[in-house]
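This report covers surface patches and aromatic ring pairs. Please keep the sequence and the model in view while reading.

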Amino acid sequence: MQGKGFRVGSVIFFLLLSAWCLFPTIQGLYYNNKVDGLPEEEKSDYLEDNYTTLQRIQEKALKLGLDLQGGMHVTLEVGLTQLLDQLAGERKDEVFDTVLRGANQRAVEDGTPLIDAFVEEFAANDPEASLSRYFRSDEITRRSSNDEVTAYLQQQARDAITRAIEIIRNRVDRFGVTEPSIQTQGSRRIIVELPGIDDPERVRNLLKGTARLEFRLMADGAELTTSLQRIISHFEVDVAAAEPDTTGGETEDVSESTDADTTFDVSTLLAEDVDIDAGNPLLDVFRPIGQGEVVFGEVAAQDTAAFNLLMQDEEVRDMLPRNIELLYHSSPATAGGGVEYFTILAVNTDAELTGEVITDARADFDPTTNLPMVTMKMNSEGSRIWSRLTGANVGKSIAIVLDGVVYSYPRVLGKISGGSSQITGLDSQAEADDIVTVLKSGALPAPVNIVEERTVGPSLGLVSRKAGFTSIMVGLFIVAVFMIFYYRGGGMVADLALLINLIFILGILAGFEATLTLPGIAGIVLTIGMAVDANVLIFERIREEQSTGKTLKASIDGGYSKALSAIIDANITTFFVGVILYSFGVGPIQGFAVTLMAGILASLFSAIVFTRILFDYAVIERRMTVSYG
């Protein structure tokens, strides 16, 4: 094998490299089989004892796609309607709302980009009107033309999509998902694929969370108590007015005499351990618990929808103190019988401080309760405002609100300097980690909604893996039998190169941390068929050379040299197709393209280099005769 040292060395090098890349995958299969063979009572102990080793192997093993190991496929839609509403701010009016509703309907019905539909609807409503009456920025003034405002809105929409993708990617990366796929679809949709996810609800909350962190003051205790009494009385009046007359006499007009008869003293009501009046629809689902300025009451988890419906009445909302709204606490409390109750808190509608001032956040544990909490650090501006806010409200409570839910409402004991604060009242370490992830990733520029969700279970993924493995083995067997039947000894050499080719493909995928998907397996099966194409060209050229009377060695040299150009041309064009598919495709198409490109590179090397080494060794070193059929 003199003069062939480089070829032999390159084959050995790539085989060892592929084996090294695939070794963690082989280890993973070994450990999985070992765990599956253990009794159920021993599995958890074994996994706990070997957690570090298994985690390291999983990080380096060949990654499987969502369709092979299970997981979630989620389609998100960025709320450009809400984005336009936010950009208009306080300048919007009834005309704006009408135009926006019409634009949103058009976007849903015929797929028109929302910004284009909004501009067209606005022009149709009033051709002379200027969009600048609603939108202002550093670039947009009152004198800006509609074209300039349109360009500004389109740029804001593009930036919102781009920023949403970046934030979602950061959140998913911190969540610890292996090989997630995040792609855009159309003008405002984002496709997210998360292989191996076993907590879909947690992922939904993580993807949708807008991370709107606010620090708000809470209602005055005396005003809240008065409002609570009026609201309870309001619903009692409605019931009394609706009751039919069962006395047989004239119906009394209760509208003028209800104030004295139906006004409730909340403290008296709570002091008595009795069932609340079932004749009042509000008290059927709501229990006032009378803790002054911070707590409005509590509602059982199954009654929140009914309570929300009752409180949507405009007359009822007007009875609340000015600039006060009711928000739920994030964590329900469990009462007797396992019933969960949500606390309802009365907080100011305006935020004193927002999450933009947060510079750092980390999950920690409360030293007094040993429960998880989130510690936050603020920038200089936030520290200054926080110091002033806490100094002016000593003895009062400040609600820490994230995405419209109150996580904690600590009472200020004194002025807080340094810009440090905490979110307490969390249920688990995972919840604390998720809040930190959302805060560090930043706030989404516009809300995102899940418009489609598919979950692939692990059992279905296992079926797909078995089907894919079977298809590879069947394809390999059929091609191998055909090559041996048609080319005899040369076919055996081609089959050996085919096995080496398969090792190279899997090694490339593992080495570059690519993800093997079901379409990727289809690419491997296709590559198996294409891999012998180069050998077919070489073998036919060798036959032609032998037919002219040349020796076997000369025929092999001539066959390889004359077939080389055709092999290179065919594979390069196919490789470029794979590059195009990978560049412009999404999800399954990319998985197919990756294995196709890896297969082409591996088959070129095995067909041109590896088989040549075998032929040279057989013919020159061993003086063997190789048959080509």
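A patch of negative charge on the surface is formed by Glu41, Glu42, Asp45 and Asp49. Patches consist of residues with over 30% relative accessible area and no salt bridge, with like charges joined within 9 Å and nonpolar side chains (Val, Leu, Ile, Met, Phe, Trp, Tyr) within 5 Å. A salt bridge here is a side-chain nitrogen of Lys or Arg within 4 Å of a carboxyl oxygen of Asp or Glu. Asp and Glu count as negative, Lys and Arg as positive, and His and the chain ends are not counted. Each charge is placed at NZ of Lys, CZ of Arg, CG of Asp or CD of Glu.

The model is predicted: local features need pLDDT of at least 70, side-chain atom pairs count only at pLDDT 80 or more, and totals for chains, interfaces and linings use all residues. Residues are numbered from 1 along each chain as its sequence is written, and side-chain values use heavy atoms, leaving out hydrogens and water.

Glu42 belongs to helix α2 (residues 40–49). Helices (H or I, at least four residues) and strands (E, at least two) are DSSP runs numbered from the N terminus. Glu42 counts as partly exposed because its relative accessibility is 39%; buried means under 20% relative accessible area, exposed over 50%, and partly exposed in between (1.4 Å probe, protein chains only). Areas come from the Shrake-Rupley method with a 1.4 Å probe, and for residues only the protein chains shown count as cover.

A nonpolar surface patch of about 450 Å² is made by Phe13, Phe14, Leu17 and Trp20. Of these, Phe14 sits in helix α1 (residues 5–36) and is partly exposed at 34% relative accessible area.

Rings of Phe, Tyr and Trp (its six-membered ring) pair if their centres lie within 6.5 Å; planes under 30 degrees apart are stacked, over 60 edge-to-face, and the rest tilted. The count by this rule is 15 aromatic pairs. Two of them are tabulated.

| Pair | Centre to centre | Angle between planes | Class |
|---|---|---|---|
| Phe286 and Phe296 | 5.3 Å | 35° | tilted |
| Phe482 and Tyr486 | 5.7 Å | 10° | stacked |

Phe286 is in strand β6 (residues 286–287) and Phe296 in strand β7 (residues 295–300), so their pair ties together parts ten residues apart in sequence. Phe286 is buried at 2% relative accessible area, and Phe296 is buried at 1%.

Phe482 and Tyr486 both lie in helix α18 (residues 458–487), four residues apart, about one turn of the helix. Phe482 is partly exposed at 47% relative accessibility, and Tyr486 is partly exposed at 37%.

Ring pairs also link Phe96, Phe118, Phe122, Tyr134 and Phe135 into a cluster.
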